[in-house]
Structure formats: structure tokens, C-alpha cells
Amino acid sequence: MRMKIPKILSFRPLYVQLLFTVFALLAMVILSWGFSSKIVRLNLVRNSDSVLDLVESQINSELYETQKILGVYAGTLRTMIMRGESTAVLQDYTVYISGYLGLEDGRLSGLYGYIEKLQGGENPPDGYVFLDNLDRKLPQGFPFTERPWYQSAHASGGGIAETAPYTDATTGREIITFSCCIYDNQGRYLGVVCIDMILSYLGDKIINTALTKEGYGILVDQDLNILGHPNPGFVGMKMYNSEIPLSILTDDLVETGYISEVSFKNWKGEKVISFFRTLNNGWHLGLLAPSSAYYQAVYMAQSLSILGITVVAVLMIILVRVDATRNKADMESRHKSAFLANMSHEIRTPMNAIIGMTTIGKSASDSERKDYCLTKIQDVSNHLLGVINDILDMSKIEANKFDLSPAEFDIEKMLKRIVNVINFRVEEKRQNFSVHIDRAIPHTLIGDDQRIAQVITNLLGNAVKFTPEEGAISLALRLAGETNGIYTLQVSVSDTGIGISPEQQAKIFHSFEQAESSTTRKYGGTGLGLAISKSIVEMMGGKIWVQSEQGKGSTFTFTIQVKRGTNEKHVFLSDDINLKNVRILTVDDDPNVLAYFRDIAHNFGISCDTARSGEEALEFVGRNGGYHIYFIDWKMPGMDGIELARTIKARALENSIVIMISAAEWSTIAQDAKEAGVDKFLSKPLFPSAVAEVINECFGVDKRQAEQAQTNIDGIFAGRRILLVEDVDINREIVQSLLEPTQLEIDCAENGAEAVHMFSESPDRYDMIFMDIQMPEMDGYEATRRIRSLEAELRKKNSAQSSERPEGVPIIAMTANVFREDIEKCLEAGMDSHVGKPLDFEEVLVKLRSYITPGNKETDN
């Protein structure tokens, strides 16, 4: 009985999204609350500073205007004294100018002067002249010289002096006095002139200055006397008086001269926010506002934030499904863009190798060199084909994932293909590149070698790009472990390049990210390679990481899980070679190369000595006698490989063989090497199979020829006939040329209609049909269906016993349509199998052997 799944489970993704939305909104409320509060408070602080600036400017203006009035009065009075005007005239002028200036407006109290010496040297009748706009009668012997304004004027050195606030003896008002001394043309002292400012005027003006409706101002002088305060009882008291709540601000105000947004309770018990500033003349200006009124804007902003978030929340709940769809589309678009951008790089890299090797091959004079170039081109072309397959497989990108295609592969052959792609750039920058393969790794593995090669190629490409000329790069593979038949392979790519900082390491595995923005401008690249590599590695059950330090290089390491291959083919030397008697000397200044070579030789069971210089190598020869084979590095400090080869050839055994090893192209050193007696060349980095092949060649055993003999295809399909249906001339020519050694007879049709006609004329003529898909007049699908229909009609006319092929002629699709759905469509149309273009000749032979028995058809009959 089937269990009915609750309907609510089908909505689970939506509930998850809504739950996430709720948490996101809560976070937004909290962040918005804090953010909006901070922004509004900063605006309030700036507003407070602006108000303080304005009030300070007004106070300075009042003080400056008063000083200016005094300066004009002093100058005019001095001139009148110098002209010899009488005391009455001076007094009349003082009264006149006071009335003219309106000194009785509540701001300025009195304008007066104390003249001790008149022009001409005559002393005043009473020993002085007192000029006063208020016509005050001072008592005999009034102590002018003890008054604050008199002392301040004499202490000012000729400038305008300002007294500390004091109580006027005659009016009882709190005032400050501005005073200055006047002198004659010879600089002789004449007297002192003064003007009084009423502090209650300034105090009331400051008190009425406010940040908010219920706020107020406070004015304190340089001696911390309160000049203006809303509470009249505090005026005249010291600010630091403990009875005044304002006293808690005294220390900070004196120490810093500035107070911003400090909260305390005033004399009414209200919580207020205070701002204070010390003015240029030493006074202290303060602005206070009730907290509730001051933060009203903050509360309003927070309320608006909550209201806005609520509206957004409603909209998010309504549109959450639409948003999810849009995000999915955006993600797919980003992955498409990332994939296509990365593929541009992946295509150009092997194309560079193909073009380079083609140029070298065309200029090569010997067939061996041309064969070498063609082999390289073939390897790189196969890699390029894999990249193109990734581009075409859009269904993988549409699904936001890369599908893996596990297959058995030779790990060393895979690495050789990678090295062929990378070596050109390595040679251009004269870098030292080495490869080390753990001998514990099985020779064949089961995994997606195309994806593995893509990751390694990307890491090596970056290493070459970011490593300076003559730097070092190494590729190391080791077996990290095995569990239940699953092998964990660890691959490391190290370089001595520019390195990556810890901050940059945190983002380089994300799409479109590089270590820093200038990297793209300086080195090029899309910043996608590492992100795609990370996805591939994780799909293979592994992980990828980096260890790096700026200026000291980087090591990228990743692990993957693979299975052991079933076709275990070890690299070995020929049985015809007596390994015990073979003596090899390897000379290289790189200790890593020597260590790796010793490991290869040990795995082969060969005795191998190593030397790090030409001089040390000659010491070995002098001490141990000649060696059978010498592996000598071309470029070494001191005695280089060419000179060492020439010396060894002069001293060595008659049959000794010198093999030059180098990462450089053979053509660049071939002439000098051959003149020095070098017998063979082996390209770096070294691979065990390459070392084994060259040793076999040295002893007259060519394993490659033996393998080719085992797979000889000459004449294997003599007497057999196939029908090739292909509309492109050059494609027909390629197939005919590839299959020519098999002596297979090939008839050609240029479209599906022609193929159906040829088959209907002679149904038993063909052993197999290779059918293209996209053709004019009639495509491959329709042609196949019609051929199968013709076969069905023939079976009706003849019994199954008389038919040579009761199951029908094998039809193999030969097309560039390589999607899974394309293959399935071919099978549905009646085809038996599928091979993709560009053609893999080995795959074509496999199909032929699968459906055609080798041998002469007529002889078999």
C-alpha cells in the first residue's frame, strides 16, 4: 500500500523562504533602527555645531562692534585733545556721540574717559578730567587707578582690553568694560577711554537660543562664572558649584573645550542633551535641549523605517515566488557567462599550442621532427575537443551543474597532454617546470579525466602567468589514501610567483574574483578558472585550497576521489635487457629532478647514480668507470650539458649513450648537441614511460613499434564494403584516408535520399552504413527510418532463414551532434550506435570491429 505524502510537504520550500524572510526582516529592523538612528543623530550633531557656529558668530560680532565704537571714540577724542579743545567741548562730544550711537538700548551702558593730561602740558584743574555720557558725579578722590578698566587698559600695551565681568559700582549691573589708553603724537600718555557692555543683554540673547522648541542656551565666562542661565538664581555663581547640575560638565569643558551630546538632568529634573564650546575670548557657550524633543527626529526615522520594512515584508511575501524564479534565472545567466568566458581562455590555450607546433612542423627538415609535432598537435587537439564538448553541452549549464563522465584513463597520458599545452608558455618565460608522480598511484584510474585535466591545466596556467621569468613551477601527484576501493588522489601545483595575501585568498575561489583588481589589467584572465575548478573538485568528492605568502609563491592543492582502473598496464622495460648490468648516471643541477629520477630508476630496478654538476659527474666517471647511459641536463652552472657530453664522449665506453634532457625545444640546441656527441633528446618534465621508452631504444628495443605491431590494421577489412553517407567533401575524404590501410571498400552518398536509393538497389551489398545527420534533401533520421522500412518489406517477402541479416544492416550515426538527447534520437530512428565528430580513429575502428568481422567476405563465403 502506497503511503500518501502529506500535501503540506509540497509547500515546504515556500515555508522555508518565508521563514528566511521573517528572520531577514527582523535583522533589517534591527539594522535599520541602528542605522537610521545613527544617521539622524549625526545630522542633529551637525545641526548643533551649526547653531553653535551661528551664536558664536553673533557674540563675536557684538564684541567686535563694541570694540569698534570704542576705537572710533578714542581716535576722535585724541584728535580733539591734540587740537587743544576745552574740557566742556570734550564732555559735550561724549554726550553727543553716546546719544548718536544709541548706547542706552540695553546693550551698552556707558561711554566715558579718564584724561590725566591735556594738550600743551597744562594739568586739569582737579588733576584729571572725567568725561561721562551719563553725567555721573564721582566723589572726591575716587580711585580711578584701582578700577578694572584702568588696570586692563594699561596692561594691554596700547590695544583694546576687555575686563572680566564685574558689578558696576554706580548702576549695580553686571558688565564687562572695554578700555584703551590714548597717547599724543610723541607717544606721551594722555588718559584712558572706556565703554561698558551689559552682560544681561548677551545672557538673555543666549538663553533664547535653542536647538529645539523647549531648549535654551547658557553663557559662562573664562573664570567659569555663569553669565546667562534660564534660572536667574544661577547667574553669577561658579559653574563648578555642586548645587548646579551643570557642574558635572566642568572638568571635561575645561580639559577639552568641547562637549557634544552629553546627557544629564537639569535643575528641573528633565533629561537634557548638552553641547558646549569654548569661544576665542575664553567664554563658554552651551546649548541644551530636552532629550524627548531632541531625539524626536530619531524616533520618527525609526518609526518610518519600521513602517517601510512592514510594507516591504508584505510585498516580499506576495512576490517571494517571483523573486525565487528571478534569482534562479540570474544564477543560470551568471553561470552561462562564467562558463563561456572561461571557455574562451580554454580554447585559446590549446589553439596556441596547435598553431605553434604547426609552425615548427612546417619548418622542420626531418620526418622525425615532423612526427613529433604532429603527435603534439594530436594530443592538444584531443584536449581542445573536450573543451568544445563542454561548450556544446548547454544542458549541463542550464541545470546549473557539470555532469561528470567517468571513464578509464591513463593518468600519465593525461598529464602529458596537459604538459604539451603548458610547455609553450613555460619555455617562453624560461621557467623551471617539474612533474612528480607518486609510484603508488595506479597506472590507470576511473574518473572524468577531462575535468581533472581542466583543473590541473587551470592551476598550471595561473602558476605560469603569475611566476616571473626563470621561476620554478612543480606539479606533484600523490596517493593520499584508499577506502573500500575508492582512491583519494592529491594534486599540488607550486610556484615561486607573486603570492597571495590572506585577505585575497578568502575570495579567489568565487566567480569573477581575482586577488586584486589590478591583476586582470596586468596579467589578464577572467577570474573564473578557480571558481569552476572548485565546483569540479567538489563534484568529485574532494576539496581545493591554497597556501601562499605574498612575494614567496603559492601552492594550490586539491583532492579528488577516483577508482582503480581494470586495465592495469605498468610502465616497464623490455625483458631482453639485463637490468642488473645497466649502469646509468643522471646529471642535473636541480635536486628535485635527481630525486625524481632516482625514484623512477628504483621503480625500474636499475642502478642509477646522480650528480649535481658536470664536475661531479666527471668525478663519478673517474672513480667508477664509464656508464652505459648518461642523462645530462642541457643548462647547468659551470660546465653545461654540451661541454660535459663532449668530455664524456671522449672518455666513455665505446657503446655509451648520452641523452640530453631539457625543457627547451630540441631544434634550439640540436646542432651543438649532435656535434658534442649527444645521441638522443628527452624533453622535460620527465615521465616514467618516456624514460623507459628511451632506455629501450638505447638497447635496440622499441616498445612503441611493438605496440603498433600488435594493433596493425593493414588489410583487416579486405573484401568488406560500407556505405558512407556524408554531404561534406572533406569529411568523406578524411574517412576514406583514415580507413585506407584497412582495405575497406567505401561507397559514398551525398545525402539521405541518395543513400536510400543506393541501399534499395542492393540491400545486401553493404556490411555497415556510416550515416551523417544534418544533410540536404533528406536528413539522417529520415534516411534511417526509410532503410529500416525497406528491410521490413524484404523480410516479409523472404523468410528469416534466407536473409543474410535478419536484424538489418548496422547503421552508425557519424555526426557532430553529441548531446545525450541527440544520441537517444539516433537510436529511436533505428540506428545501432553513434560516433562523434571530430572523429576519433580508435573509436571508429572499435565500431567497425563491433559490427564487421575482420577478414575477406568472399573467402568467408
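Start at the second largest pocket, which holds about 560 Å³ of space. Select Arg430, Gln431, Asn432, Lys635 and Ala663: of the 19 residues lining this pocket, these are the closest to its centre. Keep in mind as you look around that this is a predicted model. What classes of residue make up the lining of the second largest pocket? Charged residues number 9, alongside 6 nonpolar and 4 polar.

**Stop two: the cavities**

Keep helix 10 in view, as it gives 4 residues to the lining of the second largest cavity, the largest share. Helix 8 (367-392) also gives two or more residues to that lining. Select Met357, Tyr372, Lys376, Asn420, Asn423, Phe424, Glu427, Glu665 and Ser683 to see what lines this cavity of about 60 Å³. The lining splits into 3 nonpolar, 3 polar and 3 charged residues.

Then jump to the largest cavity, with about 130 Å³ of space. Among its 13 lining residues, Arg136, Phe142, Arg147, Trp149 and Asp168 lie nearest the centre. By class, the lining has 8 nonpolar, 1 polar and 4 charged residues.

**Last stop: a surface patch**

Finally, select Val728, Ile730, Ile734 and Leu738, a nonpolar patch on the surface with about 300 Å² of accessible area together. Zoom in on Ile734, which sits in helix 21 (residues 729-739). Ile734 counts as partly exposed because its relative accessible area is 39%, between the cut-offs of 20% and 50%.

Terms used
Residues are numbered from 1 along each chain as its sequence is written. This is a predicted model: local features need pLDDT of at least 70, side-chain atom pairs count only at pLDDT 80 or more; totals for chains, interfaces and linings use all residues. Side-chain values use heavy atoms; hydrogens and water are left out. On a 1 Å grid over the protein atoms alone, a cavity is a set of points where a 1.4 Å probe fits but cannot get out, and a pocket is an open set with protein on both sides within 12 Å along at least five of seven lines; lining residues have an atom within 4 Å of a point. Grid points are joined across faces, edges and corners, and a volume is the space filled by probe spheres set on the points. Ala, Val, Leu, Ile, Met, Phe, Trp, Tyr, Cys and Pro count as nonpolar, Asp, Glu, Lys and Arg as charged, and the others, Gly among them, as polar. Patches are made of residues with over 30% relative accessible area and no salt bridge: like charges are joined within 9 Å, nonpolar side chains (Val, Leu, Ile, Met, Phe, Trp, Tyr) within 5 Å. Accessible areas come from the Shrake-Rupley method with a 1.4 Å probe; for residues, only the protein chains shown count as cover. A salt bridge is a side-chain nitrogen of Lys or Arg within 4 Å of a carboxyl oxygen of Asp or Glu. Buried means under 20% relative accessible area, exposed over 50%, partly exposed in between (1.4 Å probe, protein chains only).
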